[in-house]
Amino acid sequence: MGRAELRDEARRLDCAARNQSGQWLPAIPIAFHHHPTAPRGVDRIVVAPNVSDTSAGRFQIAGSRSKTRERRLVLEKSAKPLRTHPKAALPRKNEMESPNAIIITGASSGIGAALARRYIEDGATVGVCGRNRDRVLSVCGAAPRAIPLVFDVTDPAACETAVKNFEEEAGALDLAILNAGYHLATDAAAFDLETCKRIMEINYFGALNCLAPTIEAMKTRRRGIIAMMGSAAATIGLPNAGAYCSSKSAVARITETLRVELRAFNIDVRLITPGFVDTPLTARNEFPMPFLMPVEEAAALIERGLSSKSYEISFPRRLIWGLRLASLLPRALYFKLAERLLPSERRTD
Ligand SMILES: NC(=O)c1ccc[n+]([C@@H]2O[C@H](COP(=O)([O-])OP(=O)(O)OC[C@H]3O[C@@H](n4cnc5c(N)ncnc54)[C@H](OP(=O)(O)O)[C@@H]3O)[C@@H](O)[C@H]2O)c1
């Protein structure tokens with residue numbers, strides 16, 4: 001990275017610096033400049049006045065979007081307090097802001113495809129997964145760092161092979177976004193067990209099939225991020241989406257336990273809970289979708305959320321809070337309100 005680029009990046013970022021004794025400095029460097037008196041290749045970094053260690057040397061820099069990188073720096077104290085981002089003062093737990101090797105399941109379409117394109121553009125090596133080869137290849141385009149992985153998430157052996165093949169080509173897996181999913185409206189009046197099983201098979205067991213080799217790969221290295229694709233629909237049972245809501249609730253519950261159980265292995269587990277996003281999956285919905293969001297916007301929010309420390313990346317806020325509120329209502333009241341979502345001939349009042 002050139003000096004100008006580095007400076008521009010530093011301006012965009014809140015950073016933290018770690019000195020040679022491994023200590024993270026409790027201040028936020030805000031700018032990189034060439035140090036006029038320093039030898040070539042050494043930069044100056046301005047830090048908050050409370051930093052005691054201002055010696056020159058090799059420092060690791062962590063920013064909210066950049067991966068941790070080592071640079072030769074001279075630290076210089078600022079005369080006045082710097083604007084600081086409270087979260088950026090601390091190093092990332094996994095010290096991995098910009099993942100280099102990413103697998104995204106369900107990346108042949110919708111949210112997964114938009115995310116894959118973003119990460120490819122960022123320069124990461126991305127395993128673009130899906131069943132439809134043409135769509136997978138179209139997302140990969142001509143990007144040399146995109147690796148097409150065509151498999152069905154309901155096949156555990158195929159998931160294992162995909163993770164193995166990806167790591168052989170791309171190196172250690174940094175981030176797995178287990179996003180593949182399926183939705184079909186269900187109705188108890190025409191109860192379709194096969195559809196319910198299929199939804200669970202893809203949304204829940206499909207994620208688990210990919211989870212097994214992912215945990216194995218990350219556990220030995222004690223490093224990595226696993227992001228599970230949930231949904232705002234997991235907050236409460238919604239009419240005509242019983243199977244989908246259940247599958248996403250199952251995802252949400254196991255993600256909570258994974259978060260706790262994998263912490264000791266330095267595996268950072270996240271949950272993504274979007275509201276309505278404009279994708280082929282929601283294009284089938286015949287009802288008005290409140291706060292429907294363009295897929296690019298959703299992908300940007302997810303990428304930003306994953307580069308932060310938040311456990312849950314949920315949006316849009318108004319829908320999420322509305323559903324949370326609904327889940328706190330007395331049951332009888334909620335059931336009455338939810339009935340209004342049914343066609344008029346199915347309502348009891
Ligand atoms: N759109 C929303 O409003 C919304 C809201 C909340 C959560 N979500 C969740 O976000 C995820 C992505 O949804 P989307 O809206 O982007 O839908 P989408 O455009 O229909 O994409 C679904 C993706 O999942 C893949 N997939 C489906 N079944 C699969 C299987 N058996 N094996 C492997 N891949 C499979 C599809 O690829 P192939 O067809 O190539 O296999 C496709 O790439 C889903 O988990 C969904 O539940 C979506």
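Among contacts in the chain between residues at least 6 apart in sequence, 63% join residues at least 24 apart, where two residues are in contact if their C-beta atoms, placed from the backbone, lie within 7 Å. This is a predicted model, in which local features need pLDDT of at least 70 and side-chain atom pairs count only at pLDDT 80 or more, while totals for chains, interfaces and linings use all residues. Residues are numbered from 1 along each chain as its sequence is written.

The chain has 10 helices and 14 strands, taken as DSSP runs numbered from the N terminus (H or I, at least four residues, for helices; E, at least two, for strands). Of its 349 residues, 36% are buried, meaning that 20 or more other C-beta atoms lie within 10 Å of the residue's own.

Helix α5 (residues 193–221) packs with helix α6 (residues 242–261) at an angle of about 20°, their axes being 9 Å apart. The two helices are therefore roughly parallel to each other, a term for angles under 35 degrees, and their crossing is right-handed. On the α5 side, the residues that meet α6 include Ile199, Met200 and Tyr204, and their partners in α6 include Tyr244, Lys248 and Val251. By class, this contact of α5 with α6 has nine nonpolar, three polar and one charged residues.

Helix α9 (residues 317–328) has 12 residues and reaches 17 Å from its first C-alpha to its last, close to the 16 Å expected at 1.5 Å a residue. Of these 12 residues the number buried is one, so α9 lies largely in the open.

Note on methods. Axes are lines fitted to C-alpha atoms, for helices over the stretch in contact, and angles run from 0 to 180 degrees between N-to-C directions. Angles under 35 degrees count as roughly parallel, over 145 as roughly antiparallel, 65 to 115 as roughly perpendicular and the rest as oblique. A crossing is left-handed if the near helix is turned anticlockwise from the far one by less than a right angle, and right-handed if clockwise. Ala, Val, Leu, Ile, Met, Phe, Trp, Tyr, Cys and Pro count as nonpolar, Asp, Glu, Lys and Arg as charged, and the others, Gly among them, as polar. The expected span of a helix is 1.5 Å times one less than its number of residues.
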